[in-house]
Amino acid sequence: KNSVDVLQALAKDNTAIVSTWALHAIMLTVDAAGHNLSASINQILTLIQELLMATPGNRITVLECCGKLLNTIISAIGPELQADAARRKRLLAMCTELQRSTSGAVRLTGLNGIQQMIIFAPQHVDIPTFVPQLQTTLSSKNLQLRCAAAACLRQISQREPALVFRNATGIESKLFRMLDSENDPRLQFDLREAITGMLTAL
């Protein structure tokens with residue numbers, strides 16, 4: 001067995017710390033190898049899928065590592081996702097599953113994954129369904145989730161501002177209110193840019 005096979009076996013360990021470190025090691029391997037690991041990508045995606053289905057919701061570190069590994073794979077495949085319908089469908093399904101978690105850290109990985117999918121294969125992401133989810137996430141008590149949602153909205157509003165207006169009623173008022181209440185510099189930047197993008201649709 002090669003090192004990736006060994007790590008995948010360890011990732012299925014019933015001990016959370018063993019599984020977490022194995023997933024982290026696979027993530028570093030994918031990040032370093034990129035396209036050179038393409039033959040193993042489907043196998044790793046199957047591993048993530050199995051873990052998302054089998055791992056209890058309270059094993060947050062394992063689920064979060066699954067999400068981070070998924071994001072690393074999306075980055076490794078990159079623009080090729082536009083022509084790879086099978087992988088694209090699997091990745092989107094897993095990102096959606098991550099967003100159903102009760103953990104903010106796990107949901108964040110799913111949100112980041114969809115944001116990457118919008119970068120690499122925007123025409124294949126259901127933006128009208130995704131935008132209302134972002135609007136809801138803007139009200140989260142979790143700052144990281146609010147930041148990620150604002151960054152996604154900025155990205156979408158710069159490409160498809162009309163879609164944001166059509167699918168998120170009252171979003172402009174929400175963003176203006178957040179500008180008054182949020183202190184995080186990056187979040188404020190994304191809010192301003194999202195508003196500016198949407199104004200072009202008026």
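Reader: At what angle do the axes of H8 and H11 cross?
Author: Axes are lines fitted to C-alpha atoms over the stretch in contact, with angles from 0 to 180 degrees between N-to-C directions. Here the axes of H8 and H11 cross at roughly 30° and come within 8 Å. That makes H8 roughly parallel to H11 (under 35 degrees; over 145 is roughly antiparallel, 65 to 115 roughly perpendicular, the rest oblique). Helices are DSSP runs of H or I, at least four residues, numbered from the N terminus. The model is predicted: local features need pLDDT of at least 70, side-chain atom pairs 80 or more, while totals for chains, interfaces and linings use all residues. Residues are numbered from 1 along each chain, and side-chain values use heavy atoms, without hydrogens or water.

Reader: Which residues of H8 and H11 make the contact?
Author: Contact means heavy atoms within 4.5 Å. H8 contributes residues including Leu143, Cys147, Ala150 and Arg154. H11 brings, among others, Leu187, Asp190, Leu191 and Ala194.

Reader: Where do the buried residues of H10 lie?
Author: Buried means under 20% relative accessible area, exposed over 50%, partly exposed in between (1.4 Å probe, protein chains only). The buried residues of H10 (171–181) are Ile171, Lys174, Leu175 and Met178. They fall within an arc of 95°, taken from axis to C-beta directions, so they line one face of the helix. Arg177 and Asp180 are exposed on the face turned away. The cover over the buried residues includes H7, H8, H9 and H11.

Reader: What does Ile171 touch?
Author: Ile171 has a relative accessible area of 0%. Beyond residues up to four places away in sequence, Ile171 touches Gln135, Leu138, Leu153, Val164 and Met198.

Notes: Helix = DSSP H or I, 4+ residues; strand = E, 2+ residues; numbered from the N terminus.
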